[in-house]
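Here are my notes on this model, written for someone who is new to reading structures. Please keep the 3D view open and find each residue as you go.

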Amino acid sequence: MYFAVLVILLHCPSLKAQDDVITINKVELTAPSLKVKNGMSIELTCIVDISKSTSFQMQHAFLFYKDDSLLHNTTSEQNRTRYKISPARFADSGSYKCTVEANRKTKSSNDLDVRVEGLSQPKLTALKREVTEGEVVTLRCEVPEEKPPFIFLFRKLLPNQQFQKKSKQELKENFASVEFPVEEGDRILRFQCTAKVTSAVYSETSEPSNMTIVTVVEPFSHPKLTSKSPWNITEGDRIDIVCTTILVRKYELEILIQKDSRILNSTRGQSSVTYSTIATVEHNGNYTCKVELGRVSKTTSMNIVVAELFAKPILTPSLTDLDENARLSLWCHINGSPKANFSIIKRPPENGILLKTFSNFTIRAQVNDTGSYVCRAEIKGIIKESNPVQITVYAPVSEPVLSVASPSTEMVLGDTLLLRCQSMSGTPPINYTLFRENRLIHTITVFNNTYAEFRDRQTKLNNRREYRCEASNRHSNAKRSSYKMNITVIAPVRNVSFGSLPYGEVEDGGEINFLCVVGEGSLPINFRIFKQNDQKPLFNESRMETRLHWQKKTFHKQDAGKYFCDASNRVTEPMRSNLLTVKVILASWQKGFIALFVLAVIAITASGFWWYWRKKEKGKHPSMEMSGSTAATNSTSEKLPSGPNHYTEFYPGSGYIEDENPVKPTDENKGPDHESAEVEYTEVEVSTPDPYKAPVKKGTDTVYSEIRKANNDSGENRHSV
C-alpha cells in the first residue's frame, strides 16, 4: 500500500508538466524611429505572443542581436522587454533582431534596420602650441566613442581662404597623427580636422573639429647685407661685404655670401660673415647673403658696380694661319694707350710660357709654335689678359698614298670599294679628295694625323676603273696628288638561259645543238652542261665569251630527258639555267618503213575483205535450176505443217508469182514472229528450158526455192505443181 502511494506522488509532477503546453505565435521587434541622430538613443522593444494550455506564469528569455551577433539578453515573466542604446553612435547602425526562448521553444522576430545619422565631432590637439621656424607641428585628431575604420583629413588654414591638407586612413584606432612643417614667414598657424567613416551601405562625414592655434617664433632675424667700400668703386679699390643677423637663441645656424652660384665666404655658429677682395670688373654683379637653420633659410641681396680702370688689352697677330718658316709678329695694346706693363704668353701649358715682357713679339714660325697666345697688362696691381688668339703653323702635306682596304684590287660589281688616302706629314686639318676617272667623288677633312676613308659603290660594269686622291691643308703650297690606282671590276654571272636546236625534239640517231647564254658576267666564264640527276657534266670548258654552242653528233632514245647548263666566273658560284626537256622521235627512214608496212597491211586486209564479200554475195544469190511437165497449167496450194524442213519444189513449165514482191532470202524476213511464220509455196513462171539441155543443178542437187511469208492472217500456203 505504501509503495503504491509513493509511486502516485512521484508521478504527479509529470502529469502536471504534461498539462502545461505552450506555443509561440509571434515575436515582434519595434523602435520609435529607424533613423536616429548621432548622440541620441536607440530604444528597442521586443514583444512576444504566446498561447498556453492553462493559465500559469512562466519565464521568457529575450535575446537581442545586431548583425547576427548577440548584443544583450534578459529574462522576464512579462511578454515584452526593452533594450536602450544611449548615446547612439555611427557604429550602432545595423540590422537588429529579437529572439524569444520559452519552455524549450524558440522564435525570432523580423530584422529591423536602424541607421544612426551623423558622426561625433572630432577633437584636434597640437603637441606644442609654440614652435620655431624650421620645426614641425604634430597634430592629433580623435573621434571619441566612435569605432574605426576612419579617414582623417587635416587642414592648415592659410590667408585668402586657402589651405594645405593631409589625409590619413586609420583601420584600428579612432585617432590619427600627422606633421606639418613650419615654413619661412609662418607666424600664427590655424588647424582643423574632420573624420569620415564608411559602411557597406552609406558613409558619414563629421563636422570640422575645434580650431587649434599654434604660434611660430623666429630663431633669427632677416639678414642684413652691407658694403664698407666707397660708393664709387674703381678697379683696384678694396671691397668689404658684411652679412649679419640677430639670434633669438643660441643656434648652430650657417651664414654665407655668394655671387651667382659661387660661394665666396661662409661661417657656422656666428651672427655675421665678411667677404673682402680687390675690385676688378669681374666683381660687378649681384651678391646674396643667406642664413640657414634646419629647414629655414632667409636671404637678402645687393648689387655692386665696379668702374673699369683700363680696358682689356688686345693682342693682334700678323697671321693666324701661316706656313712653316714664315714670319710671325704679335702686337699688344690697350685702347686709350695708358702706360702699362705688357707680357706675351703662350699656352699650353695651363699657366702659360712667358715669351717676352714687351708689347710686341716677332719670330720665324715653326710647327711647334702652334698654340694659343695672350697678352697680359698690369696697372696699379690690376692685371688683365686679352682674349686668346689661336696661331697655327702649317707644314706642307706629303704626297698622299692611296690604298685599298681589301688585299686585292679586284671587286665585284655592286659591292662597295673601300679606299684609304693618307699623307704621312702635314699639319692638320688636311682635306682629302677622291677622284674616279678625273671626276671628283668626295672630300673628307681629317683633324688628326690619320687617313681618310672613302666608299665608292660600283654600279656600272667597267673592266677597269682609275682612282687617285689629293691632299691639301692651309699651307700655301699646291695640292699633292697620289699615284693612280687601277681597280678591276668583275661582274658576277647572271641570267643563265639554256636552249637547243632543234628545240625539245630530235630524231633518233640525229644531232642536236645545245646553246647556253649568260646575260651578264665578266670573262672568262666556265660553262658546264648536265643531264638531270647526273653528277658528271657532259661538257665542261672555260670560254672568253658569254655564250656556248655545243653539238652532240648522235642522240638516241636513251639520251632523252631533262638537261641544263650552269655558268660561273672567278667571283661567283655556278649559276644554274632553266631545265630543257629533250624528246627522241623516229627517224625519217623509220617513219617511211612503218608507213609502207601499214599500207601493206591495209592492202592485204582490204583484199581479204573484198574476197570475203564476193563470196558472201554469191551465197546470197544462188543459181536456180527448174524442171517440170509442160502439161501442168494450174497450180494448187495447201497448208503444210510449219517447220524448217518444208520447202517448195520448182518444176519445168510455165507459172506465175502471186505476190508482187520479189523473192527474198529467208534471213531478211526474220522477225519476232519468225518461229510462227508460215511457208508459202508460190507458182513461179519460168522460161521453157531448152529441151535439148539438162535441168539446172547446183552441184549434184536439185535447187529448191522456199518462200516464207510472215503474215499471220494468211490461212494457207500455196504451192505450184
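1. The structure holds 6 disulfides, a disulfide being a pair of cysteine sulfur atoms within 2.5 Å. If you number the bonded cysteines of the protein chain in sequence order, the pairing reads 1-2, 3-4, 5-6, 7-8, 9-10, 11-12. Before going further, please note that this is a predicted model, where local features need pLDDT of at least 70, side-chain atom pairs count only at pLDDT 80 or more, and totals for chains, interfaces and linings use all residues. Residues are numbered from 1 along each chain as its sequence is written, and side-chain values use heavy atoms, with hydrogens and water left out.

2. The link of C141 and C193 is right-handed, with 70 degrees about the S-S bond. This pair connects distant parts of the chain, since C141 is in strand β12 (residues 136-142) and C193 is in strand β16 (residues 188-198), 52 residues apart. Strands here (E, at least two residues) and helices (H or I, at least four) are DSSP runs, numbered from the N terminus. Are these cysteines buried or exposed? C141 is buried, with a relative accessible area of 0%, and C193 is buried as well, at 1%. Buried means under 20% relative accessible area, exposed means over 50%, and partly exposed is in between (1.4 Å probe, protein chains only).

3. Next, look at C243 and C289, which are joined by a disulfide with an S to S distance of 1.3 Å. The link of C243 and C289 is left-handed, with -60 degrees about the S-S bond. C243 belongs to strand β21 (residues 238-244) and C289 to strand β25, so the pair links distant parts of the chain, 46 residues apart. C243 counts as buried at 0% relative accessibility, and C289 counts as buried at 0% too.

4. Another disulfide joins C421 to C469, S to S 2.0 Å. With 70 degrees about the S-S bond, the C421 and C469 link is right-handed. The two distant parts of the chain linked here are strand β39 (residues 416-422), which holds C421, and strand β43 (residues 464-472), which holds C469; the cysteines are 48 residues apart. Both C421 and C469 are buried, with relative accessible areas of 0%.

5. Which strands pair with β25? Strand β22 (residues 254-259) pairs with strand β25 (residues 285-293) in the antiparallel sense over 6 bridges, and Q258 has T288 in β25 as its bridge partner. β25 also pairs with strand β26 (residues 296-304), again antiparallel, over 9 bridges. Two strands pair if DSSP finds at least two bridges between them. N286 stands opposite N303 in β26. In the hairpin of β25 and β26, with 2 residues between the strands, G294 takes a positive phi near 60 degrees.

6. Now for the aromatic rings: a search of the whole structure finds 10 aromatic pairs. Rings of Phe, Tyr and Trp (its six-membered ring) pair if their centres lie within 6.5 Å; planes under 30 degrees apart count as stacked, over 60 as edge-to-face and the rest as tilted. F514 and W550 form a stacked pair, 5.9 Å centre to centre, with 15 degrees between the planes. F514 lies in strand β48 (residues 510-520) and W550 in strand β51 (residues 547-555), so this pair ties together parts that are 36 residues apart in sequence. F514 and W550 are buried.

7. F530 and F564 form a stacked aromatic pair as well, 5.4 Å centre to centre, with 15 degrees between the planes. This pair links distant parts of the chain: F530 is in strand β49 (residues 525-531) and F564 in strand β52 (residues 561-568), 34 residues apart. F530 is buried, and so is F564. There is also one aromatic cluster made of F498, F514, F539, W550, F555 and Y563.

8. Finally, the whole chain: it has 2 helices and 58 strands. Of its 721 residues, 36% count as buried.
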